[in-house]
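Here is a short note for a first look at this structure. Please keep the sequence and the 3D view open while reading the points.

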Amino acid sequence: MIPDKDTTIGKNEPQKEKYGSFALFDIEHFLRRILRNWYWFVFMLFIGYIISWVYSKYYAQNIYASDLSLSISNNTSSYFTPNQSINFIWGQSGNQDGVYLKKMLLSRSHNEFLVKELDLFVNYSTKGLIKSTYIDKTDSPVFLQIDKKHLQQVNYPITLIPKGGDSYEVILPEEGQSTSLYSYESEGFQSISGYSRPANKVIRINEWYNSPNLRFRLIKNTTTPNIKVNNIVVNLNTVNQSVNDIVSTIGVEFDKEIATIMIISKKGFNLNSTVNFLNKSVAELQKKRLADKNIVNKNTDLYLQTNIDGIRKKLDSSAAVLNYLKTSEKLYNIKDRDEKSLDKIKELEAKKADILSKISSLNNIKNTLQAQNFDKMISTNAAGFEDGFFTASVTELKALYIKRREMATIYKPNSEPMKEIDRLINEAKMGSSGALGNYYTKYYDEINKIDRQVAEANADLTSYPEKERKYLDAERGYSMIEATYNSLLGRQNEAQLKVATNQSDITVIDPAKNLGQAPIGPNVKAIKSAIMFGLLLFPLLFILIGEALDNKIRNIKELLSATKIPLLGVIGNNTNENMLTVLEQPKSSVSEAFRGIRANMRFLMENSREDGKGKIILITSSVGGEGKTYISINLASVIGLSDKKTILLGMDLRKPKIFGDFKIDNKYGISNYLTGEVEIDQIINKTRIPGLDVATSGPIPPNPSELLMSGRNIKFLEELKEKYDFIIIDSPPVGLVADSYELMKYSDANIYVVRHEYTEKYMLKMITEKYHNHEVDHLGLIYNDYNKKQGYGYGYGYGYGYGYGYFDEDKNYKEPLLIRIRNKVRAIFNRK
């Protein structure tokens, strides 16, 4: 029952600091406290389930998603649709064309066009008793068509109630009409004069509804809706609000294996709405891509036609000169012509003419680029090359100029953002100019080479007379112009063929469809769990806060671990009406606990002085109310019943108590004796127990400390030791006064009472330090008012009320549920 003392404790200074220090948080007590309050968790779980059920049934709005996959071909390119072979870094992808398309799909201009084209600023829903449900336009029996020339109030619910036939009642809110109305033409708000609430009105299909804040009519849905609704609630949004809402719900991803495949997704409150939007969005994108591609080819065709017209005039003029020489000079039949050299020269000059034509186209591209007139750009095919890097750099330069114009309305010219965009523009210019410079160098190198070859071939013609060389020069000039003309015609035919046969490079693989997809959100299960778990946190939080703020002693193991003071015994809760438990209930577990304490006390007095006199046992506590008087009375009673001559002294002179339970008159007591008013025999009272006498405190004196510390009191104790075997002192609490510490100098055993869930932890620090500093010896603890139903263990195998019929209260004892389950499990595993 009493742990061994550590005789080296006083020498270990770091260890001393730990004595009297309790753990900040007792996890075991916290868990047991949770188990004791299980009903709160069950109640909150039930409330959480009800709330989550109501939410999922009446308030949760399902979110649906549909997707569309498409392929981007790379068989053509333009300045508006950059070729995907260009390796620009976009994350880990080189799909520049896909990046461009992604930006297009998420752009404001594209989605604003769709909002206006599809009237997506008109939102439809239907309202039940509690919950409103969003519906697609096609699910409504009628469409609401606004007059865009009339100012309209947005975010103002319009309720349409079918009235039979083609009639609907228009019901507006009781309040909320605004004087700030929205114009769908200027896309801004305007103020009007105040007006009264428009009255409800029944209108027919195609009949205009007019009010100061609204003007619209109803158009019948030619397709029979799949669902039947009892009402339609229409809300108008601004164009900007609708665009922002749409862009925030669009997702664009690239296939991980094939970068030219895009997966576009759209989220919304209605599945049909997402499907219709995706299909329409991609259809419009295909049209725009095709138109963008044709712009360059048409520009090229126009440019080539202009050059062809000019070359045709030169060709006609050259042909006239050649015919004149033939007819007037009779030079059409030159003898001994060097046909081989002439053919070589014609071939070289035809190549030169083609290169000069390409350089002319290159000059056009360069000048257009410098003038930033991107809409007039011609195809690089007209200049005889296809360069994806140049095409992409021009596209990037165009986008940067557009972005710069937008930023110029926000930032100052010398601000950091403007400097950065200018830097990017210069880099793009250098990239495009560098690409063109490479082709200029290439073409001029080829011309110089051709000129050298022509000069070598001309050396063979020097033998011809001057008149014949004149004819040959005219013939070569004609051939060169004719080659240029044919080259331009060939490139024009190519450009025209592209215009005629051009198709969008976007191919839809899987269009968006309504396949009855389940909603992707909200995650009702997760929300239900969150609601129920969140409500469970409330009692848990209250218990946790209570545990953190609770500074009471609640755990015997923690008490012994922190104090290292021997435990004499544990006293259960007193169910008796008075303090005489040992006398009134001798067979109770509490009485048995006091007998155990009586047996354990001999360990405290092993090293006390052996002078043949009685032993003084002092009982104290931290503060009043911890049960030291109760312990004193019953410990004295159990010792007195063991045929030991015992006296109980009520030395708590400030708060007399003992006399009431023993039905003794407190007119004279120890205070009277210490002041010399009475003799010792006058204050000693007999009790029902033959071996037990009681000396009460007497009237409360004005100087109790001086009386207890007086020599007369010491002499009083010495006289009692001659007459009695045990002197039990009910002393004042040490947490309030120091009287008990002085009396401990004369005691043989000191008992410190700790009351379960009453004594504060910090109150034990003083007595613990004195014990380990050897200022107080022969000290033991009694744990009082322990409630067995709480099921705390303290590691010493001591207990009571085990249901074996040993104690009186066992007949009504019922083991806790956890103990019963534990015992059944043990019984199963112990079977042989």
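**Notes on the predicted model**

1. Start with the whole chain. Among contacts with a separation of 6 or more, 79% are between residues 24 or more positions apart. Please keep in mind that this is a predicted model. The chain has 832 residues, and 45% of them count as buried. Its secondary structure comes to 24 helices and 23 strands.

2. Next, helix α3. This helix runs over residues 38-59, which makes 22 residues. From first C-alpha to last, α3 reaches 30 Å, close to the 32 Å expected at 1.5 Å a residue. Which residues of α3 are buried? They are Phe41, Met44, Gly48 and Ser52. Viewed down the axis of α3, these buried residues fall within an arc of 70°, so they line one face of the helix.

3. Now the cavities. How many cavities of 30 Å³ or more are there? The count comes to two. The largest cavity has a volume of about 60 Å³. Its lining consists of Asn297, Thr300, Leu304, Ser379, Asn381, Ala382, Arg491, Glu494, Ala495 and Lys498. Both α7 and α11 (466-501) supply at least two of the lining residues. The largest share, four residues, comes from α11. Sorted by class, the lining of the largest cavity has three nonpolar, four polar and three charged residues.

4. The second largest cavity has about 50 Å³ of space. Around it are Gly650, Asp652, Lys655, Pro656, Lys657, Ile658, Phe659, Thr696, Ser697 and Asp730. This lining divides into three nonpolar, three polar and four charged residues.

5. Lys761 and Glu757 can be checked together. Lys761 sits in the loop between β22 (749-755) and α23 (764-772). Glu757 lies in the loop between β22 and α23. Is Lys761 buried or exposed? Lys761 counts as buried, because its relative accessibility is 11%, and the cut-off for buried is under 20%. Leaving out residues up to four places away in sequence, Lys761 touches Phe22, Ala23, Asn551, Lys552, Ile553 and Glu558. Glu757, at 26% relative accessibility, counts as partly exposed. Its phi is near 55°, a positive value in a residue other than glycine.

6. Asp119 also calls for a check of its backbone. This residue has a positive phi of about 55° although it is not a glycine. Its place is in the loop between α5 (108-118) and β2. With a relative accessibility of 23%, Asp119 counts as partly exposed.

7. Look for the cis peptide bond. It joins Gly521 and Pro522, with omega about -5°. Pro522 is in the loop between β15 (506-510) and α12.

8. Last, Ser196. It is found in the loop between β8 (188-191) and β9 (201-204). Why does Ser196 count as exposed? Its relative accessibility is 58%, and exposed means over 50%. Ser196 and Pro212 are 16 residues apart along the chain. Their C-alpha atoms are separated by 9.0 Å.

Terms used. Residues are numbered from 1 along each chain as its sequence is written. This is a predicted model: local features need pLDDT of at least 70, side-chain atom pairs count only at pLDDT 80 or more; totals for chains, interfaces and linings use all residues. Side-chain values use heavy atoms; hydrogens and water are left out. The expected span of a helix is 1.5 Å times one less than its number of residues. Buried means under 20% relative accessible area, exposed over 50%, partly exposed in between (1.4 Å probe, protein chains only). The arc is that of the directions from the helix axis to the C-beta atoms. Contact means heavy atoms within 4.5 Å. On a 1 Å grid over the protein atoms alone, a cavity is a set of points where a 1.4 Å probe fits but cannot get out, and a pocket is an open set with protein on both sides within 12 Å along at least five of seven lines; lining residues have an atom within 4 Å of a point. Grid points are joined across faces, edges and corners, and a volume is the space filled by probe spheres set on the points. Ala, Val, Leu, Ile, Met, Phe, Trp, Tyr, Cys and Pro count as nonpolar, Asp, Glu, Lys and Arg as charged, and the others, Gly among them, as polar.
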